[in-house]
Amino acid sequence: MATGTLDDWVERDVVPLVDPEARAHVYNLVSAVGGAGDDGGYALGDDALACLKDLKRWLQFFENKLNRRDVARCMAEANLVKGDLLPILAKISDKVTTDKLKHRIAIACLELLVPLTWPTEIDPSSATVNHHRHGPYLQLAQIGYKRGVLQYDAAKILQTTVRIALPSMLEPRKERTVRDEAIIRIVLYFVRNIVMLSQPKGLPADGDEAEISRSAAIDACHSQDIFQMLLTISSSMGDEFVLQDVVVLEILFHLVKGVDAEKLFMEEKKLSTKNTEELKDLIQKEKAMLAGYARHAPTRHNRFGTMIWVKRDDERVSTISGQDVLGKAQVSMQKMDKTKKWNKPRNRGPRKDDEASREEFDLPVPLTSSGRKHLKAFVEDFLDSSFNPLFIHLRRAIEREEERVESRHSRQYFYLISWFLRAECARRRQIKEKFAKSNDPTAITAEDESFGLIAGVMNQETFILLNRFMQRSMDEKTWQDLNAGMKCFTQILHTVQEMSEAALEEDQEIAENIQNRIFYEESTHERIIAILRGYKDQGFGYLDACTELSHVFLRMLERYSKQNLDLQVRSRRRARKKRKVPVQPEEGEENRDDAVVSENEELQEAQRTTSERKFDFARFAAKFMNQSCVNTFVSFTRFYNDLNVEQLKRAHRFFYKVAFKVDMSVFLYRVDILQLFNKMIKGPEGLDPDLPAFKEWEEFVKHFFRTAVKKIQERPELVVEMLFSKINATTYYLQHGYDKEVVTRTPRAPAELEVKGGMEKADQIGVAVGVLLNQAKSDALKWLKDIMSSAADERKSWEDMEDGRKAMAESEAQPSIEGDEAPAVPEDEEGPKAPPIVIKPDNEERRIALYKDNKLRLLMTLLGFLRLGLDTDMEANWIIPHTLTASDLKEAVNLIQKFEFDPPIYEDGKAAEDFLRSKAAARRRRASFDDDSEGAGGSQSEDHGEYGALGPTATKSDALEELKKRRRRRRRSGTPRELDDEEKERRKEARRLKDLEKQAKHKSTMFVHDSDDDSDEERDRIFFEREEELRKATGRDHVKGISTEKSKKPASKKRKSAAEPTKGRKKRKGASSDSEENESEEDVIGVSSRASSVAMSDRLASDEEENTDTPISSQHHEAGQVSDEDVSGLVSKATVPVTDDAEMADDDDEDDDDIAPVRRPVARRMRAGFVIDSDSE
């Protein structure tokens, strides 16, 4: 068993704070640096420079290699900074620029001072017990370092550091070495550390805090030429200095953060008055708080113990102590509520470390009079000479994401923009007030009036960077960054507002342009709304910034939209990216690889479609009227005792707009909101009645509660809803008492497609299958094949059943006795038709695709499927008609499989999509072609009779010329006028009625009809009987013409004599097919019963050869009858009536205008859609 005392045992198990070996080496080196000399001053050691370098190596080894802070702790305990480094700098301050050795020693001191004064940052991922053990001691030691640098009596330490960097700064940038750049950088970092250090929270203050305050740092920078160095570097940024921009940014940020720029530029008298008013307000708030407490405070007569029972509604009894509850029942209930405790769960977000507290810029920082004076002079000089060069260079560095730029620099950049813009606006107001008092407005120069000093941040590049920064901060939920961005955006809006009210027209035009650019992007509008909605425990500074931004943005946008009634906004929506056409195998392996790479790039890029629309402010303002925005302003109003007059007015205007302007007070009908409003006015601890904003709030709360009571009387169910937040689904009902009528728009039918001409049916199906494959819709093809396969089986079963039925009917019809004849079965008798098969989608997506996917609809149409219902009916069914047999369906399935596994390859590298076109566009193209054909050759137009739907008219329509004239007048008039909604609806209705009228005109017998639709047995029987009589009469006339031909003149003369019109008879057009034998006769010849035999024989021969014309009719009421035609669309051949009193006549084109309408019009002969007249043959 080990022996020893208790002290030995304790010392054996205690771990030392610092490595003893490291402590010994550091202490030896510190002693060798120097010490007190014979004259009482500081004397350098013989190897002071080498000792300083060794100390730097020890510090770097432990800090960087071992991740320990033992050496820094040893240096703090050895008093290296105050006892050695600062005296060395003070001793060699005068000779640092002339003596190289002393310059090297000064640089070695700086190389130790910078890491020792670097603010301690504890990284949670790499922090050890060593960091937490030495952290508080080193933080207090750094405060001592700052106090020693700022308050050193023997010399000006900061000025000495400027002298150290002066030789390197004087060198031109192109001639500077790497060492020169490092010297400038280390001097700037030392200044940044001194300005940045502050008293740590939770640690005791060692000395007077005024010695290390912001004012002390500002005074030291002013007296020791730090401000002059910053102005020199900033004004030459981009020319002589490049890499120092972010360090200067950090120095400026830690100098001005938390400083009120408005007070900075106030005059002394006005500032003292404002400070006095603030003091009065604080005293008044304290008095009001004490008065509210005095109402219930105990006196010397009620200090005795009291306990009472409070009987509640549910017959239960609660115990309350104290005499203050003896008054009213309401006071008893309030005290009972105060005694309730709720352990609210704490925010489990990341704890703010020292770095986050150093970056905090919402806490106000007071300044002394000297500090305010010196900072004001520096800010004025900085705005006049250095603001634009520095911030333009910083913006470019942030955009390029330079290595020296860290994440905190963007936050500092935008905060400084907001601070300096506010300072510039305050300075301009001070200048105007100063010259207004002097009654000499001409003393204000154009430079004072212009906003050119801040033009470097009032450009489009800064706005784009700001929007991108705010959006990234929202996505990453870095609320401190977003807070800086909101402050910057708000101050830019304030500055633009002042520019619009400036005296210079140039500034007004710039302000107009900036507002147009800001308000043009709809994404900016949506971001403002999202920020206001997304507040959740981000702190009061963030809450103040987001409410101020939404308030200022909404107010300026409303004013700008009233001034510009035609304001347009650009909205961006995501669109589906078109797939790239796959490369064919024969194009080479290299091309295929390039295609795959480009396709992957396209899939990664987000394509957005951009569209412009007219801005509606009422619609945009309504987006702020929701429960989330109301909750944000309610959270802001809960700090009503800490808000100033402007902040109280901001909250009041929002609630007034919600409750009365927009009439959405239902969002405010909630118990906590009602209790907050009542407490603000009636107390306890309410608003001070002497505040300027108290009367406005009192009037608002009075009217609001009056409307709330009235609403509850109308709809008592609101009492239950007061316990909950409102949702959009029930808001309208709670506000109006009935549901909102939602007008559902009929979905627009997709454009019908067709395959370009010149392809067989199978090739067309191949094109449709290829398009679906290119669009990755193989599942649609699989579903379609399954449907067709099952339909083929079903149709095959039905066909087999029908064949069996016919066979059974034939067997029953066999004669029972041998020799009897079987009853004749008519050959043209048609059996029952197969029932149509309804196509049912397998899921909801398929049902929508059957309506919206025009490529799938094209394939189904090519396969012979039919769609029932209107084009706008989404519920219309697709069917497989009876005309498709089982073999047809199986053949279609085989075709799809063939093209699916072996897609067709087209010439010139075309894809299947290149062979598709819209039916509507094709119809328009054909219509324009037909119009051109009619203008070029009117003789080739189809004649449907003078009373047909497309028949000839006596006058030519000049609608086209009138339309051209109207367009010319509109083009000359300049910008077209804006149509209101009523005018648009009226024109839409006129167009619809006109379309209906056109459709009604076109629905006539000029179109081809199916023979099934016109089937009438009795009419057909009469028609064929008359045709038989006509053929017999024609035969007799033919024989008679042959017999008389030998005894009379040639047929041409007889036809000519016979063609002379009888007086009072009407002329008639006819068709002639004998143009080859009778070239001299170019007139259209009509046929009558007294025509020559030669002409009649030629006509019959022509009819037999072509076999396309309809037999000639002989009845008047059958003259306009249209015979049956096939589905190909060819126009039917009208019959030519022959009567005894009909005569042939010449058909001169010159006399057509004078011809009276005929009684029985005869259609011209057509072939392949073109008119065949005698002159065209």
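**Notebook: contacts, cores and packing**

I began with contact range: residues 24 or more positions apart account for 75% of the protein's contacts with a separation of 6 or more, a contact being heavy atoms within 4.5 Å. This is a predicted model, where local features need pLDDT of at least 70, side-chain atom pairs count only at pLDDT 80 or more, and totals for chains, interfaces and linings use all residues. Residues are numbered from 1 along each chain as its sequence is written, and side-chain values use heavy atoms, with hydrogens and water left out.

**Overall counts**

I noted 44 helices and 13 strands in the protein. Both are DSSP runs numbered from the N terminus, helices being H or I with at least four residues and strands E with at least two. Of the 1177 residues, 37% count as buried. Buried means under 20% relative accessible area, exposed over 50% and partly exposed in between, with a 1.4 Å probe and protein chains only.

**Cores**

Next I looked up the nonpolar cores, which are sets of buried Ala, Val, Leu, Ile, Met, Phe, Trp, Tyr and Cys residues joined through side-chain atoms within 4.5 Å. The largest has 186 residues, and those with the most contacts inside it are Val 379, Phe 391, Tyr 413, Trp 419, Phe 655 and Trp 697. Helix α25 (residues 540-563) gives this core its largest share, eleven residues. Apart from it lies another core, of 40 residues, including Met 860 and Tyr 906. I then listed the neighbours of Trp 697: leaving out residues up to four places away in sequence, Trp 697 touches Thr 637, Leu 648, Ala 651, His 652, Phe 655, Phe 677, Met 680, Ile 681 and Leu 687.

**Helix α4**

I checked α4 (residues 70-77) for burial: seven of its eight residues are buried, so the helix is largely enclosed by the rest of the structure. Asp 70 and Arg 73 are among the buried ones. The cover over them includes α2 (20-33), α3 (48-65), α5 (80-91), α6 (100-117) and α7 (129-150). Just after α4, Asn 79 takes a positive phi of about 60 degrees.

**Two partners of α12**

Helix α9 (residues 178-196) packs on α12 (residues 245-256) at about 20 degrees, with the axes 9 Å apart. Axes here are lines fitted to C-alpha atoms, for helices over the stretch in contact, and angles run from 0 to 180 degrees between N-to-C directions. That makes α9 roughly parallel to α12; under 35 degrees counts as roughly parallel, over 145 as roughly antiparallel, 65 to 115 as roughly perpendicular and the rest as oblique. Residues in this contact include Leu 188 and Tyr 189 of α9 and Val 247 and Ile 251 of α12.

Phe 227, Leu 230, Ile 233 and Ser 234 of α11 meet Val 248, Ile 251 and Leu 255 of α12.

**Strands**

I finished with β3 (residues 307-311), which pairs with β4 (residues 317-321) in the antiparallel sense over five bridges; pairing needs at least two DSSP bridges between the strands. The two form a hairpin with five residues between them, and Glu 315 in the turn has a positive phi of about 65 degrees. Ile 308 and Val 310 make up the covered face of β3, while Met 307, Trp 309 and Lys 311 make up the uncovered one. Trp 309 has Thr 319 of β4 as its bridge partner.
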